[in-house]
Amino acid sequence: MGQDAPYRILDKLPPQREKIETIKILRKVNKATAALAELKGIANTIPNQSMLVNAIVLKEAKGSSEIENIITTQDELYKALTVNTSNSSPETKEVINYRKAIFLGFDLIKKQGFLRVNDIIDIQQELIGNKAGIRSMPGTVLKNDATGEIVYTPPQDKEEILDLLSNFIEYFNQDKNEISPLVNLAVLHHQFESIHPFYDGNGRTGRILNILYLILNDLIDFPILYLSSFLIENKPDYYRLLNQTNQLGEWEEWIIFMLKSVETTSIQTIEKISAIRQLLDKTIEKVQIDAPKIYKKEFVELLFEQPYSKIEFVVNQLKVERKAASRYLKELEKIGILESQKVGRETLYINTKLIEILK
Ligand SMILES: Nc1ncnc2c1ncn2[C@@H]1O[C@H](COP(=O)(O)OP(=O)(O)O)[C@@H](O)[C@H]1O
Ligand SMILES: [Mg+2]
């Protein structure tokens, strides 16, 4: 396709059923559905859900941003969340905003049981931090990063974008849909990226919608699937298939790809959760044996909810004096559970074994 690639009008949802429910797709749906169901079950056995949610949401935020070449480190992120550093890098701030945007969407889904187009706009705003909203000026095109060639031209007219978005959201919220939600997930993600309603943040907003769609359909209870890891590892295919489906109107390969991403990341997340669980049990045991006087279940759980901890967190969680909180943390450092690090005036206590698992 050259500079003046013809603009192909985007079809509304749903696509023809034969195209999105082939035998190959249905077989893969079963596998992905089973993996995701296992993840949902295992996640529910973790005593304190926010331990998982915090960690995985942050990973998803980091990974999804990385797809867009917004790169930061786990260490920087946790520091930014723990001490109020105004001097975090712009990339770190963007990832922190991404995290907020996921939680905003999660709260909306829980509260309303559906999403509105305006909610999508709010989520994108939280992420990007400006009020530009839906594109109203023409000129947005998708280019091949390496060659600069235009690979896809999304709809340019604001009315058309809004019309496609209301079709999108209607399909998103439909609850008596006979197609598997995992197939719909792939269809919806493709459609959202093809509408490309914003000047920026379309990829990230679309990937937040993926997680929210799974929650809306009760496939997971919390935003604990780290889907973006698969997309980072397979970014060339991710972009190629988005584009190919646009050009050919053939869905099979794209849907299989997305089903594979659900299956693979479910299995990986299950492994992470088991590792976290084991570490939690081992940590509890160690504190009970080596520092029995300060053992409290909530204290250990805090160190998993906030792998970068500080005195103030302990004060708030355990309702103890600063002096006691400081002593508790130091004690755990002594028995090798935490490692301290000075950041500015604050001393952070890091649950390094957990951080290692989360890497
Ligand atoms: N050919 C294509 N057709 C449709 N969507 C595409 C295509 N190529 C890439 N994309 C999507 O566009 C996203 C990038 O859009 P952008 O608005 O810059 O989002 P972000 O700022 O989150 O990166 C990619 O992550 C991908 O989801
Ligand atoms: Mg971008």
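Reader: Let us start with the ligand. How many residues surround ligand 1, and which are the closest?

Author: This is a predicted model. In it, 17 residues surround ligand 1. The closest are Glu68, Glu193, Asn202, Gly203 and Asn243.

Reader: Which elements give two or more residues to that shell?

Author: They are strand S2 (150–152), helix H8 (181–195), helix H9 (202–216) and H11.

Reader: And what is the make-up of the shell by class?

Author: The shell around ligand 1 has six nonpolar, seven polar and four charged residues.

Reader: You mentioned H11. At what angle do H11 and H12 pack?

Author: Helix H11 covers residues 235–248 and helix H12 covers residues 252–290. The two pack at an angle of about 145°, and their axes are 9 Å apart. The crossing of H11 past H12 is left-handed.

Reader: Which residues make the contact?

Author: On the H11 side they are Asp237, Leu241, Gln244 and Thr245. H12 contributes Glu253, Trp254 and Phe257. By class, this contact of H11 with H12 has three nonpolar, two polar and two charged residues.

Reader: Staying with H12, is glutamate 263 buried or exposed, and why?

Author: Glutamate 263 lies in helix H12. It counts as buried because 21 other C-beta atoms lie within 10 Å, and the cut-off for buried is 20 or more.

Reader: What is glutamate 263 in contact with, leaving aside its neighbours within four places in sequence?

Author: Glutamate 263 is in contact with Lys31, Ala32 and Ala35. As for glutamate 178, it is 85 residues apart from glutamate 263 in sequence, and the two are 21 Å apart in space, C-alpha to C-alpha.

Reader: Back to H9 for a moment. Is asparagine 210 buried or exposed?

Author: Asparagine 210 has its place in helix H9. With 22 other C-beta atoms within 10 Å, asparagine 210 is buried.

Reader: Which residues does asparagine 210 touch, not counting those up to four places away in sequence?

Author: Asparagine 210 touches Leu185, His189 and Leu227. Isoleucine 46 is 164 residues apart from asparagine 210 along the chain, and their C-alpha atoms are separated by 23 Å.

Reader: A change of topic: the strands. In what order do the three strands of the open sheet come?

Author: The order is S3-S5-S4, and the pairing is antiparallel. Strand S3 (308–309) and strand S4 (339–343) are the edge strands, each pairing on one side only.

Reader: How many bridges do S3 and S5 pair over?

Author: S3 and strand S5, residues 346–350, pair over two bridges in the antiparallel sense. Tyrosine 308 has isoleucine 350 in S5 as its bridge partner.

Reader: And how many bridges join S4 to S5?

Author: Five bridges join these antiparallel strands. Here valine 343 stands opposite glutamate 346 in S5.

Reader: What about the hairpin of S4 and S5: how many residues are between the strands?

Author: There are two residues between the strands, and glycine 344 in this hairpin takes a positive phi near 60°.

Reader: Which residues other than glycine have a positive phi?

Author: Aspartate 218 is one of them, with phi near 60°, and lysine 319 is another, with phi near 55°. Such values stand out because most residues other than glycine have a negative phi.

Reader: Where do aspartate 218 and lysine 319 lie?

Author: Aspartate 218 lies in the loop between H9 and helix H10 (228–233). Lysine 319 lies in the loop between helix H14 (311–318) and helix H15 (322–334).

Reader: Why does aspartate 218 count as exposed?

Author: Aspartate 218 has 9 C-beta neighbours inside 10 Å, so it counts as exposed; the cut-off for exposed is 12 or fewer. Lysine 319 is exposed too, with 10 other C-beta atoms within 10 Å.

Technical notes:
Residues numbered from 1 in each chain as written. Chains lettered and ligands numbered in written order. Predicted model: local features only at pLDDT ≥ 70, side-chain atom pairs only at ≥ 80, totals over all residues. Axes fitted to C-alpha atoms, helices over the stretch in contact; angles between N-to-C directions. Helix = DSSP H or I, 4+ residues; strand = E, 2+ residues; numbered from the N terminus. Left-handed = near helix turned anticlockwise from the far one by under 90°. Contact = placed C-beta atoms within 7 Å. Nonpolar A, V, L, I, M, F, W, Y, C, P; charged D, E, K, R; others polar. Near = placed C-beta within 6 Å. Pairing = 2+ DSSP bridges.
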